[in-house]
Amino acid sequence: MQIRMKRKGTLRCAAAALLFAAAIGALTAIAPWVGDDIEYQYMCVSYSPDTGDVPVMSAADVFVSQANHYFGTNGRMVPHVLVQFFCALWGQSAFVVCNAVVYVLFVLMLLVVSRRESLSRCRVTAFFATAALTMVGFSTFYTPAFQIGYVWMFTATLVFLWLFFRPRRHGGAVCWTLPVGLLV
């Protein structure tokens, strides 16, 4: 009986996560790409804090552009590499899907880290309350430059914290997340 109730709660939480993902996906799909989102479609030149007029055409271009960006503009290379890949190469459709997934993971990780519980104990009301508070209190533009720079990096940090404070259960996972956590 208890297993049945637990499975029913997990299914409800999964349904809530899908609804939230659909809402985030819709907001991301209708958000216009302006400013940095357009600039990241072009190569960053080494002699200027602005981008040039040469479009990014390959992964190698992204890494050259970001090396120039790192030394000439600012040092947040991890998020900016991702932003440039989405803006220049992968496009808005891929970003819509990935952003929806990361937002769901963000809310789940907030719940897990703050309550110190597992994902299998997800409560629908807690999920919706956290999702609503996230959307109201943490409003950013639903574009790559804002989402990857803030929500995605906060999500990566929450995953790192969750792994870090549970070393007995995850063993060596903390070792490889330490460099990632420091980069993020």
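Start with H4 and H6, whose crossing is left-handed; a crossing is left-handed if the near helix is turned anticlockwise from the far one by less than a right angle, and right-handed if clockwise. Helices (H or I, at least four residues) are DSSP runs, numbered from the N terminus. This is a predicted model, in which local features need pLDDT of at least 70, side-chain atom pairs count only at pLDDT 80 or more, and totals for chains, interfaces and linings use all residues. Residues are numbered from 1 along each chain as its sequence is written, and side-chain values use heavy atoms, with hydrogens and water left out.

Select H6, residues 144–164, together with H4: their axes come within 7 Å and cross at roughly 40 degrees. Axes are lines fitted to C-alpha atoms, for helices over the stretch in contact, and angles run from 0 to 180 degrees between N-to-C directions. H4 and H6 are therefore oblique to each other (under 35 degrees counts as roughly parallel, over 145 as roughly antiparallel, 65 to 115 as roughly perpendicular, the rest as oblique). The contact of H4 with H6 has 26 nonpolar, four polar and no charged residues. Ala, Val, Leu, Ile, Met, Phe, Trp, Tyr, Cys and Pro count as nonpolar, Asp, Glu, Lys and Arg as charged, and the others, Gly among them, as polar.

H3 passes H4 in a right-handed crossing. On the H3 side, the contact (heavy atoms within 4.5 Å) includes Val-62, Phe-63 and Tyr-70, and on the H4 side it includes Met-77, Phe-85 and Leu-89. Its residues divide into nine nonpolar, five polar and no charged.

H4 passes H5 in a right-handed crossing. Among the contact residues are Tyr-103, Leu-111 and Arg-115 of H4, and Phe-127 and Thr-134 of H5.

Technical notes: Helix = DSSP H or I, 4+ residues; strand = E, 2+ residues; numbered from the N terminus.
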